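User: Can you walk me through this one? I'd like the overall layout before the details.

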Amino acid sequence: MIGVSARALLTDYTLAAEVVTPVAVPPVIADDPDDDQVIATAVAAAADLIISGDRHLVALGAHAGIRIVTPAEALARIGE
């Protein structure tokens with residue numbers, strides 16, 4: 001954003017953010033178990049969408065009703 005300081009941008013993000021504690025989920029991505037934490041956090045937050053460039057997450061496509069899309073797909077959805 002042009003003309004917005006880093007501090008102002010961070011403040012805006014802080015106001016919009018919600019801190020959640022990840023829930024326990026059974027193993028989902030065997031090839032990259034660290035990705036399970038992303039899924040656990042999204043489930044705890046009752047997220048509508050996970051936006052990621054991680055190939056394991058994107059290949060999964062969805063989990064627990066939460067769609068997983070690339071940043072390009074997310075931007076296309078926003079534009080709809």
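Analyst: What follows goes from the overall fold to the sheet and then to single residues. Keep in mind that this is a predicted model.

User: Fine. How many helices and strands does the protein have?

Analyst: There are 4 helices and 3 strands. In sequence order the pattern reads α-α-β-α-β-β-α.

User: What share of the residues is buried?

Analyst: Buried residues account for 19% of the 80 in the protein. The accessible surface is about 5800 Å², and carbon and sulfur atoms contribute 59% of that.

User: What about contacts between residues at least 6 apart in sequence, how many of those join residues at least 24 apart?

Analyst: Of those contacts, 17% link residues at least 24 apart.

User: Charges next. How many positive and negative side chains are there?

Analyst: The count is 4 positive and 11 negative, with the centres of the two sets 6 Å apart.

User: On to the sheet. What is the strand order?

Analyst: The order is β1-β3-β2, in an open sheet of 3 strands with mixed pairing. β1 and β2 are the edge strands, each pairing on one side only.

User: Remind me, what do strands of a sheet pair through?

Analyst: Backbone hydrogen bonds, in either a parallel or an antiparallel arrangement.

User: What comes between β2 and β3?

Analyst: A loop that contains A64; β2 covers 62-63 and β3 covers 66-69. The phi angle of A64 is near 50 degrees, a positive value in a residue other than glycine.

User: Is A64 buried or exposed?

Analyst: Exposed, because its relative accessibility is 62% and the cut-off for that class is over 50%.

User: Which other residue has a positive phi near 50 degrees?

Analyst: A46, again a residue other than glycine. A46 sits in the loop between α2 and β1, the latter being 49-51.

User: Buried or exposed, that A46?

Analyst: A46 counts as exposed because its relative accessibility is 59%.

User: Changing topic: where is D32?

Analyst: D32 lies in the loop between α1, residues 6-16, and α2, residues 35-44.

User: What does D32 touch, leaving out residues up to four places away in sequence?

Analyst: D54 and H56.

User: And how are the C-alpha atoms of D32 and D12 placed?

Analyst: They are separated by 32 Å, with the two residues 20 apart along the chain.

User: Last one, R7. Which helix is R7 in, and is R7 buried or exposed?

Analyst: R7 belongs to helix α1. R7 is exposed, at 68% relative accessible area.

User: How far is the C-alpha atom of R7 from that of A59?

Analyst: The two C-alpha atoms are 35 Å apart, and the residues are 52 apart along the chain.

How values were computed:
Residues are numbered from 1 along each chain as its sequence is written. This is a predicted model: local features need pLDDT of at least 70, side-chain atom pairs count only at pLDDT 80 or more; totals for chains, interfaces and linings use all residues. Side-chain values use heavy atoms; hydrogens and water are left out. Helices (H or I, at least four residues) and strands (E, at least two) are DSSP runs, numbered from the N terminus. Contact means heavy atoms within 4.5 Å. Buried means under 20% relative accessible area, exposed over 50%, partly exposed in between (1.4 Å probe, protein chains only). Accessible areas come from the Shrake-Rupley method with a 1.4 Å probe; for residues, only the protein chains shown count as cover. Lys and Arg count as positive and Asp and Glu as negative; His and the chain ends are not counted. The place of a charge is taken as NZ of Lys, CZ of Arg, CG of Asp or CD of Glu. Two strands pair if DSSP finds at least two bridges between them.
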